[in-house]
Amino acid sequence: MKLRVATYNIHKGVTSFGGRPRILALKQALAQLDADILFLQEVQGRHDLNAVRHTSNWPQQGQHEFIAGDSHHSAYGMNAVYDHGHHGNALISRFAISSSRNQDVSDHSYESRGILHCIVPVEGVEVHCYVIHLGLFAGGRRRQTAALIEAVRSSSPPDAPLIIAGDFNDWSNQLSKMLHIRLGVNEVFDQPIAKGLMGYFRKVSGMAPRIQPARTFPAVMPWLRLDRIYLRGFKVETAEVLRDGPWAKLSDHAPIISELSFK
């Protein structure tokens, strides 16, 4: 069986400048992806000010429920809470979500972060899904990754199919090796890259080509490698960063979509 998954930081459904709502167009674009499971970050569970300010362009329910609609299931992990609302991570699934749990992994009071763990039965197989959004500081990301590793080990069997996806803010790719060693996961773009003059030099010198995640930020001209999908128990059929068309305007991140098959 094939499984189509995507990860996307939706920037609370508003533009980076001016805070104009994009949630209606975002829902339409996500529906066209036809993903079986969506891993979403910066999802607005409630925003009283925008609900009043943009009455015709702002959903009455949480963005996770709005995006899921009647055809999908959703789970939401509330992380950042303020007087007029809250936001966090969400999982949108074509399949029923049998359980969900949100774990606070905030490293300090200025960045509220969490791990949303959901179990999604797919044709009798329990797939363990973890939605993550790590902090902006390297030390905090290392500690949050250690917490993620412990959470995965304590909440899923060692041989269970596993998907960890989200915004890792890991532009220097310091965390992939740790996750691979401790959890046995690989990123969907974990394949040798040998392009250009440096690629030619590595080839003729016998050096192994570099392995690099995809560039996803900023969406209008992606340069930084922030967003990831890590897997265990799956084979990657395709993986792509969506940069063209509406994706350059809907958020400050570009989404990653990948088609998988069970090993």
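Buried, in my notes, means under 20% relative accessible area; exposed is over 50% and partly exposed lies in between, with a 1.4 Å probe and protein chains only. By that cut-off, 51% of the 263 residues of the protein are buried.

**Ground rules.** I'm working on a predicted model, where local features need pLDDT of at least 70, side-chain atom pairs count only at pLDDT 80 or more, and totals for chains, interfaces and linings use all residues. I number residues from 1 along each chain as its sequence is written, and side-chain values use heavy atoms, with hydrogens and water left out.

**Overall look.** I looked up the secondary structure and got seven helices and 14 strands. These are DSSP runs numbered from the N terminus: helices are H or I with at least four residues, strands are E with at least two. Next I took the radius of gyration, over C-alpha atoms, against the globule rule of 2.2 Å times the number of residues to the power 0.38. A compact globule of 263 residues would come out near 18 Å, and the protein has 18 Å, so the two agree. Along the principal axes, the C-alpha atoms fill a box of roughly 60 × 40 × 40 Å.

**Contacts and surface.** I count a contact when heavy atoms are within 4.5 Å. Among contacts with a separation of 6 or more, 68% are between residues 24 or more positions apart. For the surface I used Shrake-Rupley areas with a 1.4 Å probe; for residues, only the protein chains shown count as cover. The accessible surface is about 12,800 Å², and carbon and sulfur atoms hold 53% of it.

**Strand β1.** I then went to β1, residues 2-9. Six of its eight residues are buried, so the rest of the structure largely encloses this strand. For pairing, DSSP has to find at least two bridges between two strands. β1 runs antiparallel to β14 (residues 256-262) over six bridges, and alanine 6 has isoleucine 257 as its bridge partner there.

**Valine 105.** Where does valine 105 sit? I found valine 105 in the loop between β5 (99-104) and β6 (114-122). Valine 105 is buried, at a relative accessible area of 8%. Leaving out residues up to four places away in sequence, I list Arg113, Gly114, Ile115, Gln144 and Ala147 as what valine 105 touches.
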